[in-house]
Amino acid sequence: MAKMVRRTCAFCAEGEACSVMYIATESDIAAHQDCLLFSSGFVESEDHNPENLGIRFDVKSVVKELKRGKRLMCSFCQKKGATVGCEERACRRSYHYFCALCDDAAVETDQANGVYRVFCPKHDPGNRTNHYDAAKKKRRRTMASPTTTEEMSTEETAEENHLRILKRKNNRHKVRIEFVRKCKQAGLLDDIFEEMLDTLHLAQEKLMDDNTSETEYEETVMALFDCGLFENILTNVYSGTEEKIQKLLENRKILDHKIELLQDLKEVILPTPENIASTSSTVSE
């Protein structure tokens, strides 16, 4: 079976995880090692040998995963090819691997056991109540050499790994903030927001159109919720609705009290038929 050939980017710093790539020249495919390892539907070839990392991914399996990714839209960039899914079973968010990093997704790696998984920001393991069941997911064996695995287990504790992830997230926040500032300085913010509005209008048209396919409808709905804006608006609408309900209930209490007062007043001002009859008989006597 044809294998992907391991190569290292000549421009990346030595030791960078993103520098390792696998290539299949005949199929015209090149893929980052992390993009392969973290793809949800991808498993390393069964004849894996940790001592020989040169050729270890089946081209057939990579092609199959690429085809699967063509149906999946990335929750971050809104483009197809998102093969990295959130490990939370109920979550439908999918990413390109590097988009997951940009979206502050939690990345967990256990090279010794061949576990590579990603959690979206909403399902970060630190905030989860139901934990990952490793037995129910296909095991992806490690790509690291024995020496690298030993170094990982002895030198990088869980706490150090956590601090490293937090630092990386903080750096991404700074990059994003600086990027928006530069867009403002370049006079691009208006164009960006116009593009966002156009995208929202297109989504509205798809949802209102009865001829929209079920797949496209689902993708549009998920994209609206995944971007966070739609959910925030719904939350605000819900809060506003609750406030209106409370005000109406208060107004109803006031009205009910006024009605009771008017009823009492009515009985005092207008005599009942029994009182009229009693008064008539008294006059006759």
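## What counts as buried

A residue is called buried when its relative accessible area is under 20%, exposed when that value is over 50%, and partly exposed in between. Keep in mind that this is a predicted model. With that cut-off, Tyr97 at 7% relative accessible area is buried. Phe98 comes out at 33%, so it is partly exposed.

## Aromatic pairs

How many aromatic pairs does a search of the whole structure find? The search turns up three. One of them is Phe38 with Tyr116, an edge-to-face pair with 5.6 Å centre to centre and 80 degrees between the planes. This pair ties together distant parts of the chain, 78 residues apart: Phe38 sits in the loop between helix H1 (33-37) and strand S4 (55-58), while Tyr116 belongs to strand S8 (residues 115-119). Phe38 and Tyr116 are both buried.

Then there's Tyr97 with Phe98. Their ring centres are 5.2 Å apart and their planes are at 75 degrees, and since planes over 60 degrees apart count as edge-to-face, so does this pair. Put together, ring pairs join Phe38, Tyr97, Phe98 and Tyr116 into a cluster.

## The nonpolar core

Phe38 shows up again here. The largest nonpolar core has 27 residues, and Phe38 is among those with the most contacts inside it, along with Met4, Phe57 and Val118. Which elements give two or more residues to this core? They are strand S2 (20-24), strand S3 (29-32), H1, helix H2 (59-69), helix H3 (97-102) and S8. H3 provides the largest share, four residues.

What does S8 pair with? Strand S7 (residues 106-110) runs antiparallel to S8, and five bridges join the two.

Conventions:
Residues numbered from 1 in each chain as written. Predicted model: local features only at pLDDT ≥ 70, side-chain atom pairs only at ≥ 80, totals over all residues. Heavy atoms only, no water. Phe/Tyr/Trp six-rings, centres within 6.5 Å; stacked < 30°, edge-to-face > 60°. Buried < 20%, exposed > 50% of the residue type's maximum accessible area, 1.4 Å probe, protein only. Core = buried A, V, L, I, M, F, W, Y, C linked by side-chain atoms within 4.5 Å. Pairing = 2+ DSSP bridges.
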